[in-house]
Number of protein chains: 2
Amino acid sequence: MGVRMVARPEVIPTQVEEPAVVGRRTPAVNGLAIVTGCARYTTDFYWPGMLVGQLLYTAYPHARIVRIDAARARQVPGVHAVITHAEVPGENSYMLYDTDQPLLIADVVRYQGDAIAAVAAESEEAAAEALAAIEVEYEELPGLFDVMEAVRPDAQQIWPRRSNVYHHLTVQRGDVAAGFAAAEIIIENTYQTQCMEQAFLEPEGAVASKESDGTIVVHAGCQAPHRDRRQIARSLALPETKVRVIVPYVGGAFGGKDETHVQIHAALLAQATGRPIRMIRTREESIRTHVKRHAVTIRHRLGATKQGVITAMEVAGYGDGGPYANMTRQVMEVFTIHASGPYYVPNARIDAYSVLTNNPIAGAMRGFGMPQAHFATERQMDELARKIGLDPMEVRLRNAIETGKKMATGVTTLDAAGMRNSLKEVAEMSGWRKRQRVERRPAPHLRRGWGLACMMQGYLLGPKVADNAFAILEMNEDGSVMLRTGVVDYGQGSHTVLAQIAAEALGLELTSVRVIGPDTDKTLESGSACASRVTFICGHAVLRAAKPIHDQLLQTAAELTNLPRNELSIRLGIVHRNGTPLELTARQLAAAARARSRPLSSLGYYSAEYPPKIFDERVFDNPCAYYTFGANVAQVLVDIETGQVTVEKLFLAQDAGRILNPDGALGQAEGGVSMGFGYSIMEELIIEKGRTRNNSLESYLIPTVQDVPEIHAKYCESVDRYGPYGSRALSEGSVVPTAAAIANAVRDAVGVSMVRIPLTAERVLAAMNEQGGKA
Amino acid sequence: MGVRMVARPEVIPTQVEEPAVVGRRTPAVNGLAIVTGCARYTTDFYWPGMLVGQLLYTAYPHARIVRIDAARARQVPGVHAVITHAEVPGENSYMLYDTDQPLLIADVVRYQGDAIAAVAAESEEAAAEALAAIEVEYEELPGLFDVMEAVRPDAQQIWPRRSNVYHHLTVQRGDVAAGFAAAEIIIENTYQTQCMEQAFLEPEGAVASKESDGTIVVHAGCQAPHRDRRQIARSLALPETKVRVIVPYVGGAFGGKDETHVQIHAALLAQATGRPIRMIRTREESIRTHVKRHAVTIRHRLGATKQGVITAMEVAGYGDGGPYANMTRQVMEVFTIHASGPYYVPNARIDAYSVLTNNPIAGAMRGFGMPQAHFATERQMDELARKIGLDPMEVRLRNAIETGKKMATGVTTLDAAGMRNSLKEVAEMSGWRKRQRVERRPAPHLRRGWGLACMMQGYLLGPKVADNAFAILEMNEDGSVMLRTGVVDYGQGSHTVLAQIAAEALGLELTSVRVIGPDTDKTLESGSACASRVTFICGHAVLRAAKPIHDQLLQTAAELTNLPRNELSIRLGIVHRNGTPLELTARQLAAAARARSRPLSSLGYYSAEYPPKIFDERVFDNPCAYYTFGANVAQVLVDIETGQVTVEKLFLAQDAGRILNPDGALGQAEGGVSMGFGYSIMEELIIEKGRTRNNSLESYLIPTVQDVPEIHAKYCESVDRYGPYGSRALSEGSVVPTAAAIANAVRDAVGVSMVRIPLTAERVLAAMNEQGGKA
């Protein structure tokens, strides 16, 4: 529905030659508050009369609820409310795309994170006592915990009237059978990626209160405040206007806070009690409940000529979404889009299965299906190279997608220069061509190896999804500017970039711009901070808001100076004539324009636009149009006695158009590579019969500064035709290729083909024993 | 600077035949919160760590400050800050148009309300102790307390380099000498109006706090939050973006909160201490400090033929502004505009003097110069009628300004039908023609009389002043709408009317609209709630915001129904085809439009527009273009033994275009007449040598429900060409004619011509003794 194809996407010409603000180093606009401890997070809000909110979670991952009796719990001293499914005034369901998860379960619990009751009490102790006093009688049901079991036709059904494969997407291009027939080499493997935890620093929480007029105000770290508002209103049976969502500082999200977590539960308790409610998940509850990165089982078949040219590809991905649809389908769509990698694949079939199980629920996490797809495909490409004795870089160059060529999804590639550029760059950075000069056996028990992986990252939500944002700019008489955006900056730096875009577009210094971030009473909807869409979509909204104000300023400048308007410009707060500064400031213009009753506030709206004729709807109707490319090189040491993999160096070259905020971009690169490193080496939720066993950051290990290897990250800058000031997305791509690069390096070091991550010592040792790795 | 003359003011056609929301009775949108006590006013905000802020006021109305020593005050336990002029980081001045009043006096105090120091302490007691401990050495100076003395060339000067007559405006039209030469009757009198207190229920106050990032947040009842923000920023040396002004519920203003009161002082203390500051004026401080309705001395000379046709008018008004310019000039401009009344005066000269004295400062109050002007002119018209033996109504009809005729200010009258209509209506309501049938001597000591007065009210700020507003509308997926307006509803009902306009323009029910009121972080500037400009200016801004959303909805409706768009309309939330309801709701349209990525949020901006060629700049450059008319009839009883005037009945007929909110409009009419009654009969600040002696509501008497007479108010509805949905201003006109009507009734009852208000028993008795009133 959301697609707008325009002959030439309406892009305000922002490919300026010498930007004054964008591209320059700057501290994050909210950095000082964060590093000085002044930033207030959800957990920092305390109000008089505040109650503790807690949830009762199911005792079993799959069970029928025979009876819920909260009568005794309601008698516990200090308890103000106990809410079950029966007390939800509106819709008892939530989640992101498919709102199919009950807020409070009435009949059947289907995973370990299902909540049954919500309690508001005067103390943690009273709340805990009330939770313990709620009588729930369960009839335990057998669970379905294996995705490949769940897809079998004779499998038990998670839902009475819904197939376990709740969505199956097939993308086909060319003649796959002919492609394989023409193949001289066929590589076939089944890969397995794990369930991964976002491990944001700040666990989910919400502080909700009820105003005297019945309005519900919810403070919560989240990614999509306006959608949260909608869902809160829907469950509380209020109009949206009677719900206000305020997003304070947020301690990370990585996709894990894209859907609501405890906002609705806290709001329900606030509505029921009239008292402020503080509901903060413990880390254990956080890991138990929220969506994870999908574990995907990937059957991958790759056909190629002896020269290494791909003739066909067949990929089937089975994504384990847990028991609720939520957005597994969307993740598997993105998996599909990226399954063929940044390569020209003339004959392809990709099947993506969205599968329901009784495992923990899965959803958005940085990369959103791409890391899984790339792990398989980039491992396959490496196996192909080895099989035909070609350098892994060469095999990628031979198949690299080219501008104007069609991807497997039928999309005509707009600009693929970044593919070759990043490969070239990463080769130089890492000394790829000279790697054989480095000692491969630095100690008798150690083997060194090098691995390469490429990536492409499609961004935005796709032409079939409404993908838009508002921005409001307000210029004051003193020349200072308020930028109101409804998009969340949960650490990714979006507010800094949007402030830069506003300052550049208005001709001001960055310090003139203050960002008012998401608060549904202050800002208009800008959509979720997801899909690497913020700089592009919200940035264009800012540009559109800036244009009329800039026009008013220039017109005022022309009147004040009696000079032709087209000779005037504003740069860093100073009016220039043909590049020469005049004695006239933007501040003076602002005051003069206001005195002339010229509007210096403006609303910008941007809805994703796409060039015409680049999609082939017969193949797939919701692909990506815009892509960035990148490549990783990993240098590893494998201990052949223990299987321990030590990553010595990681190199990332990424094409990201023009870099708007160099330090912020570097943070994204290094952060993404670190996260990819964790994905590759150490991070895995241990799930036994639907229960995660490592529900703390002591048992679920993420890389610390001690663990993270030497990272060399570089952006190959270019000027994108479509993004604000020539920028491209960069927040997710950096996490995508790392796992495959490291696994390929392990292959290089000890000769074992790893099909499963993370590459724990046990797994590598076992593989060496099975496959007979090089000693 | 602000003038926009357009061939036809760009008015969205809103003169619909059958509006569904406007014109219908409705409770005020914020009424429930107010009557249930849920509304939070400034004084209701308490935060942890809050300090009490207090100001040290001058001990003398006029004195040189020899020394200020705050050292001892700073040692008082519990005192966190003592600020004098030396500690103001930015501009040490404020006020509305001319920011010439120091926040904290450095050298010379010039009126009783001047503040010298600000104190922040942990308790009222500590603050009081600190105030007492501030050592101020004064050298008392002689004061200038009489406006007619102040204008004498040999008068002492209030300011070293500024004339006591800081502004003198002359408006001249025709040949005044010839006009008087042609006059057969000349009426000449000097009138005196008093200094009047707004007596808003809620005294001024502010609660200020400092955020961790240095932003200053001020909660305060006020009329112009964005201008307050500007002045706070200016004095605190902060960019405007670092100041946030939030307007909670406001307990009345009537012009008296148009300029800042203690907002800046409280903000200075918050900035200095980092602690929340609560600074609430006592009633005594309130009356001592804030601007009042100007006392004006008016010399009035009226020439007419024996038939009662005006040939010439000469008016000189001397407005006592106290020692600061502030906006005395603007009040005297409005005085000038209205000095010739709603009459055609071919030859006129009006002089308006803005005079500085050491009396309490004067500024905006409902009517803003009009009640003073009308008191004189309407009394004169009555004297003229008596002199020539004509019915007072007849003399007014003979001179009534006509559409297309020029006013004394050179303005071509756009529509004067309301003048005759309201006269006709008030005659009917009051039984004017049959009044002689009523007993004129109901008791030996009582005399009954009837008085008539007309009024015209020009509205908006005038073409030379930037007069504009923004409004933001946001329609949610559930069809509910947020209207963000920066304009204050301090009780006048503006938010209800704006919500009605939004609902009507979008085709929704009023209950679908929620108003988000002024908070500089949430809303854009809409200017001050003054000059009866809100419905017109902010209403047009709302209409402009609504238009594109309504277009999107209709377009969506056309697509969903496959019907031609021009056959479709939306009324009360239901889509209609040629007036017949369809099975399609606005809510469904909203959801469908959003799914299509259509923007349902919009910003509207409106800057006052004027028809071309109606102003004659040679005469006066900042007159009013838009006027309403009205008439009062008063029926009084005068006790000839005591002089006591009892007003039995007051009738108001007012022309106000289409009435948008009938109950709200009635409230404005009755409230205005009551205030005019108080002005006429009882309200007067007793000022002795610059000091007000009645600084409480026990000593300054405003009419209570016991005092207010029977009021009959009626609007003569019409459909204005320019106002939203045909509306005109109505919030100020009702206060304008009452004083003259009652004084004219006293003239009718006992034959004395009162030239001074209020008409206290003492004054009436004295006049009867002097003039020999009828017994």
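# A tour of chains A and B

Start by selecting B:Asn622, in the loop between S23 and strand S24 (626-639) of chain B. Helices (H or I, at least four residues) and strands (E, at least two) are DSSP runs, numbered from the N terminus. This is a predicted model, in which local features need pLDDT of at least 70, side-chain atom pairs count only at pLDDT 80 or more, and totals for chains, interfaces and linings use all residues. Residues are numbered from 1 along each chain as its sequence is written, chains are lettered from A and ligands numbered from 1 in the order in which they are written, and side-chain values use heavy atoms, with hydrogens and water left out.

**Stop 1: around B:Asn622**

Is B:Asn622 buried or exposed? B:Asn622 has a relative accessible area of 7%, so it counts as buried. Buried means under 20% relative accessible area, exposed over 50%, partly exposed in between (1.4 Å probe, protein chains only).

Now show the neighbours. B:Asn622 touches B:Glu333, B:Ile337, B:Leu461, B:Gly462, B:Pro463, B:Lys464 and B:Val465, leaving aside residues up to four places away in sequence. Contact here means heavy atoms within 4.5 Å.

Two of these neighbours deserve a label. The side chain of B:Asn622 makes a polar contact with the side chain of B:Glu333 (3.5 Å). The B:Asn622 side chain also reaches the backbone nitrogen of B:Lys464, at 2.8 Å. A polar contact is a pair of N or O atoms within 3.5 Å; within protein, one must be able to donate a hydrogen and the other to accept it, and residues adjacent in sequence count only if both atoms are side-chain atoms.

**Stop 2: B:Ile501**

Move to helix H13 (residues 494-506) of chain B and pick B:Ile501. Its relative accessible area is 0%, so B:Ile501 is buried. Which residues does B:Ile501 touch? Beyond those up to four places away in sequence, they are B:Val22, B:Thr535, B:Gly539, B:Val542, B:Leu543, B:Leu660, B:Pro724 and B:Tyr725. Select B:His540 as well: B:Ile501 and B:His540 are 39 residues apart in sequence and 8.9 Å apart in space, C-alpha to C-alpha.

**Stop 3: salt bridges within a chain**

Side chains of opposite charge can pair when their charged atoms come close. A salt bridge is a side-chain nitrogen of Lys or Arg within 4 Å of a carboxyl oxygen of Asp or Glu. The whole structure has 110 salt bridges over all chains.

Begin in chain A. A:Asp258 and A:Arg227 meet in a salt bridge through their side chains (2.7 Å, N to O). A:Asp258 sits in the loop between strand S11 (243-246) and helix H7 (263-273) of chain A, while A:Arg227 is in helix H6 (residues 225-236), 31 residues apart. A:Asp258 is buried, at 3% relative accessibility. A:Arg227 is buried too, with a relative accessible area of 18%.

Switch to chain B. The side chains of B:Arg747 and B:Glu383 form a salt bridge (2.6 Å, N to O).

Next, pick B:Arg484 and B:Glu474, whose side chains meet in a salt bridge (3.0 Å, N to O). B:Arg484 is in strand S18 and B:Glu474 in strand S17 of chain B, 10 residues apart. Both B:Arg484 and B:Glu474 are buried.

**Stop 4: where the chains meet**

On the side of chain B that touches chain A, S23(B) gives the most, with 5 residues. By class, that side has 16 nonpolar, 14 polar and 17 charged residues. Ala, Val, Leu, Ile, Met, Phe, Trp, Tyr, Cys and Pro count as nonpolar, Asp, Glu, Lys and Arg as charged, and the others, Gly among them, as polar.

Now show the whole interface. Chain B contributes 47 residues and chain A contributes 47 residues. Chain B and chain A bury about 3800 Å² between them, 49% of it on carbon and sulfur atoms. Buried area is the accessible area (1.4 Å probe) that two parts lose on being put together, summed over both.

**Stop 5: the axis**

Chain B can be laid on chain A by a turn of 180° and a shift of 0.0 Å along the axis, with an RMSD of 0.0 Å. The two copies are thus related as by a two-fold rotation axis. In chain B, B:Lys522 has the C-alpha nearest the axis, 2.0 Å from it. Copies are superposed by least squares on the C-alpha atoms of residues with pLDDT of at least 70 in both.
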